[in-house]
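Please read these notes with the model open beside them.

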Amino acid sequence: MSHDEPHTTETIEPPAGAGLVVGAMWAAVGLAAHVGFRPDTPEWVEIPTVLAVWFLVLCTWAIADAGWLSAPRWFRACVEVVSHTLADYRIQTGIDFGGSPEYERRLPPALLRLTGLLVVAITVGVLWRDGFPGPARARLIEGSGALYVGYVSILWGWSLFVGVAACAVVGVHVNDVIVNRLSVRSARTRAQFALVVGLVAAPAVAASVFPGWVPAAAVLVGALAGVLVLLMGKRGQIRFLWREKGKPEIYSVGSAWLLGWGDLSLAGVVALSIVPTTGRLWSGLESGAPITAGIGLLTAWAGVFALWTWLWVGPLRMLRLARRDPAVAMPPGVEFVGETPGPDVLEALEARGFRLVRDGTGRHRLRLRLDTSEARRTLRGEEGSDGVEWRVHPRDVLHPQVLAEMRAADRHMRRRELVEGIGRLLASATARTFKSGTGFWFAPHLWYVPAMSRDTDEDASMTVGPPYARVLSPEARRHAYEVFQAVHVDLIFIEDGVPTEGVERVLLQVFDHFDLWGVDPIEEKHIFSVPGVRVLLHQFEFDAPLAEEGYPEPDYENLARGRVLHIMKDRGGEEVDDPFELLPDHRPSLVPVGALS
């Protein structure tokens, strides 16, 4: 064929009688079930028939997708109705970091309808629980063996799907919270293997040890815990925006409602699997359908583990993280070495914005240590790993210049820890190899973000590197909150390949802007002279991409609205100076005793 000839796509003609062959296979399976199944037939005989039904479903789907089988008009109409109904349940959500306009607060109607359907189905199943699974099997087989085969194929398929999905929920979250935190790759691989083995063995062991009512009770308690989530109040709340895909209307909802609904829905799905498979086992009766009951018990325990894992990584973890909210004020901590001044001096210090810290108590990890011994004859700050030790004459503790120098030293410590901390976080994150994504999200000022994360989930991991709480002190995270709130930066995105020194230098210029202007939105023009780095500021909203030609677009899957500071890789970068040379030294010089009094 010459290069001038047009390229044509060869179409494969469907084999003659494809629909007839598929129909004959379905008829054969139905006839075999109708003739061969009896109420006293052992249940293991049904396994080949169920596998054949699943195989026929896949074959029919593949043939229809290839265009070799045309569905009847009534069937296509039913599929269209179901598709339109399911479209209402396609909801796009994301975190709202603030901005205008304020959207109306409303729960997604589709979630309410789904919850209602689950409640009705579970109620009916509980009322008729003694009819499952053995009696239901006997009645259906007596009526029609083919109908029973369809019923048991759907029941086993649904239960296995729920069980596998539940194990996936446990695996993803345990891998993210525990396994992914291991720094050694070999240890991480061994832990992932042990996790897979545990996911397979744990439901089997629990099902063989505990009676059938235990998983049902555990699901009920988990559902009640989900209701209690709605009483969390303002603490542990995140504001979300949502909309139905394809529609422009946007609404707001609190995270407690989403967490509570997620918990109740998970409990409902597990209960919907338990009732028709293990109903009679709740009271210890013989089921008459051992395979169905066994699948049901395995699914029940996998669902219980998933439900309580969801509670652990969802509401309970949110409440725990909310206790470390950087939005909570953290005044400079003062620790006295040796003799502590009188109550009047301590009250005056607290009135001027300081807080007394006793060794080993409180949230303060950075503190200003004051030695007021009479033998000290100088005022000097000696910086250590967790603070600055001062030698101060008792009469100079409350002097305005001493207080100003102490505030400056406290700010200096917090910023230094932030700059050093992001270096360690980036070193840990970049030590791994990633197959997808373009960079990392950095947000130490948000209480509900426990660690750096990749812009695209990979290897079932949502976070990368150690948690912020391990690397950064509460004081440093509080200072990050003050600065980023003032300059209107909600998130920081760091592209792959950006040098750590460049990121640190950008942070230092953000600090400089805050010192000069206070509460003032930072712009791209305010950050300059950072070789190898390009800074972009982007107000993200639904359907508002970065749209900067030549620069990668991060994955905004979990975001709805916010201002993002992008630290991008630039072409032709050169070596960057030590960023700590830009950080002014706020340690005071030597001052004679009494000169300030």
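1. His488 counts as partly exposed because its relative accessibility is 36%. Here buried means under 20% relative accessible area, exposed means over 50%, and partly exposed lies in between, with a 1.4 Å probe and protein chains only. His488 sits in the loop between helix H14 (474-486) and strand S12 (491-495). Helices (H or I, at least four residues) and strands (E, at least two) are DSSP runs, numbered from the N terminus. The phi of His488 is near 60°, a positive value in a residue other than glycine.

2. Some ground rules apply to every point. This is a predicted model, in which local features need pLDDT of at least 70 and side-chain atom pairs count only at pLDDT 80 or more, while totals for chains, interfaces and linings use all residues. Residues are numbered from 1 along each chain as its sequence is written, and side-chain values use heavy atoms, with hydrogens and water left out.

3. Ser529 also has a positive phi, about 55°, although it is not a glycine. Its place is the loop between helix H15 (500-517) and strand S13 (533-541). Is Ser529 buried or exposed? With a relative accessible area of 52%, Ser529 is exposed.

4. Now the chain as a whole. The protein chain has 15 helices and 15 strands. Of its 597 residues, 45% count as buried. Its accessible surface is about 31000 Å², and 61% of that belongs to carbon and sulfur atoms. Accessible areas come from the Shrake-Rupley method with a 1.4 Å probe; for residues, only the protein chains shown count as cover. Among contacts with a separation of 6 or more, 73% are between residues 24 or more positions apart. A contact means heavy atoms within 4.5 Å.

5. Next, a pair of helices. Two packed helices are described by the angle between their axes and the distance between the axes. The axes of helix H7 (residues 185-209) and helix H10 (residues 290-322) come within 8 Å and cross at roughly 115°. Axes are lines fitted to C-alpha atoms, for helices over the stretch in contact, and angles run from 0 to 180 degrees between N-to-C directions. The crossing of H7 and H10 is right-handed. A crossing is left-handed if the near helix is turned anticlockwise from the far one by less than a right angle, and right-handed if clockwise. Which residues of H7 and H10 meet? On the H7 side they are Ala202, Pro203, Ala204, Ala206 and Ala207, and on the H10 side Leu297, Leu298, Trp301, Ala302 and Phe305.

6. Helix H10 also holds Pro290, which is exposed because its relative accessibility is 57%. Pro290 and Pro42 are 248 residues apart in sequence, yet their C-alpha atoms are 9.4 Å apart in space.

7. How many salt bridges does a search of the whole structure find? The search finds 12. A salt bridge is a side-chain nitrogen of Lys or Arg within 4 Å of a carboxyl oxygen of Asp or Glu. One of them joins Arg367 and Glu335, at 2.6 Å from N to O. This pair links distant parts of the chain, with Arg367 in strand S6 (residues 367-371) and Glu335 in strand S4 (residues 333-337), 32 residues apart. Both partners are buried: Arg367 has a relative accessible area of 6%, and Glu335 has 9%. Elsewhere, salt bridges that share partners join Asp96, Glu102, Arg239 and Arg561 into one network.

8. Two further salt bridges can be checked. The side chains of Lys247 and Glu244 meet at 2.8 Å, N to O; Lys247 is partly exposed at 40%, whereas Glu244 is buried at 14%. Arg106 pairs with Glu104, their closest N and O atoms being 3.1 Å apart. Arg106 is partly exposed at 34%, and Glu104 is partly exposed at 44%.

9. Val120 lies in helix H4 (residues 109-127) and is exposed at 52% relative accessibility.

10. Finally, Thr49 lies in helix H2 (residues 46-65) and is buried, with 17% relative accessibility. Leaving out residues up to four places away in sequence, Thr49 touches Val29, Phe37 and Val149.
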